[in-house]
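Me: Got a model open here and I'd like to talk it through. Can you walk me through what stands out?

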Amino acid sequence: MFGTDYLGRDLFTRVVHGAALSLQATVIAVALALVVGGLIGLLAGFVGRWVDEALMRFVDTVLAIPPILLSLALITALGYGTLNVAIAVGMASVANFSRVMRAETMRIRRATYVEAARTLGTRWYATLARHVLPNAAGPVLVLAVLEFGLAILQVSALSFLGYGAPPPAPEWGALIADGRNYLANSWWLCAMPGFVIAATVLAVNRISRALDGEWTRGTR
């Protein structure tokens, strides 16, 4: 279907096999960013005062650095490999989740039911777990789906640069990197993996828009 590569290997089979590596790294990256960024935003928005100020200055510093440059710096420190690529991409995306979670937490902590729980003497961690976190999680989960598409691009970019799994692992970015030397005569070596990456990212973006629409209608 996709032709063969320069060694006669079926390209479609390698793309399908590489999906496990690339998507696994993407899932780890998004999960790491969701957990770490969500905790930072939840703590900053609920506690406030100097804790909010300190955490948000850290987040602003991370946002000032382009994600791909931050990922390159982290993976240089961590070393090469699929897992390290996932960690680097995930840490570079922490700031986005932190800001969204903080905004939602600050909005919800002023709600009537949260004030009622505090008036009744509910402990702060119980209020946080039962009332604030479940109601603030919706927009953050929508962001996680959207960030999944961006993480695919970043993981593929780092793999293209040679920071992912060593050959002959068929990561999507590595497949494009392998085919660029034969682009003049075998254009499909780069075009087909690139098409799969683009189609996957577009599909994820459509899902995130649908979820965002459902969440917006549900909160009206």
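**Helix 8 and the rest**

Reply: Let's start with helix 8, residues 172–179: seven of its eight residues are buried, so the rest of the structure largely encloses it. Bear in mind that this is a predicted model.

Me: Which residues in helix 8 are buried?

Reply: Trp172, Gly173, Ala174, Leu175, Ile176, Ala177 and Gly179.

Me: OK, zooming out. How many helices and strands does the protein have?

Reply: Nine helices and zero strands. Reading from the N terminus, the order is α-α-α-α-α-α-α-α-α.

Me: And what does the C-alpha trace span along its principal axes?

Reply: About 70 × 40 × 25 Å. Of the 220 residues in the protein, 44% are buried.

Me: What about the largest nonpolar core, which residues have the most contacts inside it?

Reply: Val85, Val89, Phe97 and Val132, in a core of 26 residues. At least two core residues come from each of helix 1 (11–47), helix 4 (82–92), helix 5 and helix 7 (124–160). Helix 7 gives the most, with nine residues.

Me: Switching to serine 98. Where is it found, and is it buried or exposed?

Reply: Serine 98 is in helix 5, residues 94–108. It's buried, because its relative accessible area is 0% and the cut-off for buried is under 20%.

Me: Which residues does serine 98 touch?

Reply: Gly37, Ile40, Gly41 and Val59, again not counting residues up to four places away in sequence.

Me: Across the whole protein, what share of contacts join residues at least 24 apart?

Reply: 71%, among contacts between residues at least 6 apart in sequence.

Me: Last one, charges. How many positive and negative, and how far apart are their mean positions?

Reply: The protein has 17 positive and 12 negative charges, and their mean positions are 9 Å apart.

Technical notes:
Residues are numbered from 1 along each chain as its sequence is written. This is a predicted model: local features need pLDDT of at least 70, side-chain atom pairs count only at pLDDT 80 or more; totals for chains, interfaces and linings use all residues. Side-chain values use heavy atoms; hydrogens and water are left out. Helices (H or I, at least four residues) and strands (E, at least two) are DSSP runs, numbered from the N terminus. Buried means under 20% relative accessible area, exposed over 50%, partly exposed in between (1.4 Å probe, protein chains only). Contact means heavy atoms within 4.5 Å. Lys and Arg count as positive and Asp and Glu as negative; His and the chain ends are not counted. The place of a charge is taken as NZ of Lys, CZ of Arg, CG of Asp or CD of Glu. A nonpolar core is a set of buried Ala, Val, Leu, Ile, Met, Phe, Trp, Tyr and Cys residues joined through side-chain atoms within 4.5 Å.
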